Amino acid sequence: MEIIRWGIIGCGNVTEVKSGPAFQKAKNSALVAVMRRDAALAEDYAKRHNVSKWYSNAVDLINDPDVDAVYIATPPSSHKEYALLCAKAGKPVYVEKPMALNFEECNEMISACKANNVPLFVAYYRRCLPRFLKIKELIDNGIIGTPRHVNCVLYHSFEARYDDEINLPWTVLPHLSGGGIFVDLACHTLDFLDFVFGPIKSVRGHATSQLKAYPAEDSVSMSFLFENGIHGTGLWNFGSHKRHDIVEIVGDKGKISFSTFGNDPIQLEDKDGKIESFPIENPLHIQQPLIETVVQEILGNSGCPSNGISAARTTWVIDEVLKEFRQAHLAK
């Protein structure tokens, strides 16, 4: 059977367990090359994961005739650059989330891939996880009746790694990430809601830096409206007293509660207050279910639910929320 041979650009921490091994374990898939700017680290990764080739230059990996498709696992600041190079080389692209620094870059990536007849996929893997498919199934089957509104809350305490001004992680440096922890984490929740309810058509919000520990926002509140009329609210804060992660989807006959990042059971509450729990664990290689759909679409079979167009919608929502904060930051 035909095998899709993958190359990874940016074999960092996210690829160690979440994604990298999945390219080796997925049906009709193989990982044949990896790249990292530090050649020694690329070689180390390749040897530990039994990958035959390693590079310190992304162009060399993209142009390798033994590489059929490319997974871009770098910070968002280089997603567009590498995606355009892959498109020019005629190779399918699977890019990490968030898709790019902003909606404009997303559209450039979509256009380049379309012009070169290259499929573009984005790593919003919750669209294929059993835990989240169960939530969608409950809603689609009308278990909570007609959905009316959604409430998202994620907050946690300030982490020591953000207290080193000289060595800040790239996730809170907007020129590399597009924003802060909100951009890195909230995109998962927003994309899943897009998957369940369709596009968000209107967004209002506020973003501030309450701690002033890094250049990016650390507190965000927002309200949003889906095209189908469902209302939504959200609050994200990264300087609170403890961790709390919950999404509530409320219908006229019940409510579903779950966490975006935890493994605690899904809670289904009916109109009489009776609660039913659904404990569903995530797989070890959490991106594998989505990667399997990517491979199958490249082979001409069933489609992947997360592509450039759907992912760009989530980036548009984030841009709308952060617009004023970004403008104020640039003005300084």
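Let me start at a loop: Lys212 is found between strands β8, residues 200-208, and β9, residues 219-226. Keep in mind that this is a predicted model. Lys212 has a positive phi of about 55°, although it is not a glycine. For background, most residues other than glycine have a negative phi. Is Lys212 buried or exposed? Its relative accessibility is 67%, and exposed means over 50%, so Lys212 counts as exposed.

Asn117 is also not a glycine, and has a positive phi of about 55°. Its place is the loop between α5 and β6, the latter being residues 120-122. Asn117 counts as exposed because its relative accessibility is 70%.

Now to a peptide bond. Most peptide bonds are trans. The one from Lys97 to Pro98 is cis, with omega near -15°. Pro98 sits in the loop between β5, residues 93-95, and α5, residues 103-115.

Some context from the record: an unreviewed UniProt entry annotates residues 4-124 as "domain: Gfo/Idh/MocA-like oxidoreductase N-terminal". In the model, that stretch is 36% helix and 21% strand, and its end C-alpha atoms are 20 Å apart.

Last, helix α8, residues 181-197. How far apart should its ends be? At 1.5 Å a residue, its 17 residues should span 24 Å, and the end C-alpha atoms are 24 Å apart, so the two agree. The helix does bend, by about 35° at Cys187. Just after α8 comes Gly198, which takes a positive phi of about 90°.

Technical notes:
Residues are numbered from 1 along each chain as its sequence is written. This is a predicted model: local features need pLDDT of at least 70, side-chain atom pairs count only at pLDDT 80 or more; totals for chains, interfaces and linings use all residues. Side-chain values use heavy atoms; hydrogens and water are left out. Helices (H or I, at least four residues) and strands (E, at least two) are DSSP runs, numbered from the N terminus. The expected span of a helix is 1.5 Å times one less than its number of residues. The bend at a residue is the angle between axes fitted to the seven residues ending there and the seven starting there. UniProt positions are given in the numbering used here, feature names are shortened, and annotations may be inferred rather than shown by experiment. Buried means under 20% relative accessible area, exposed over 50%, partly exposed in between (1.4 Å probe, protein chains only).
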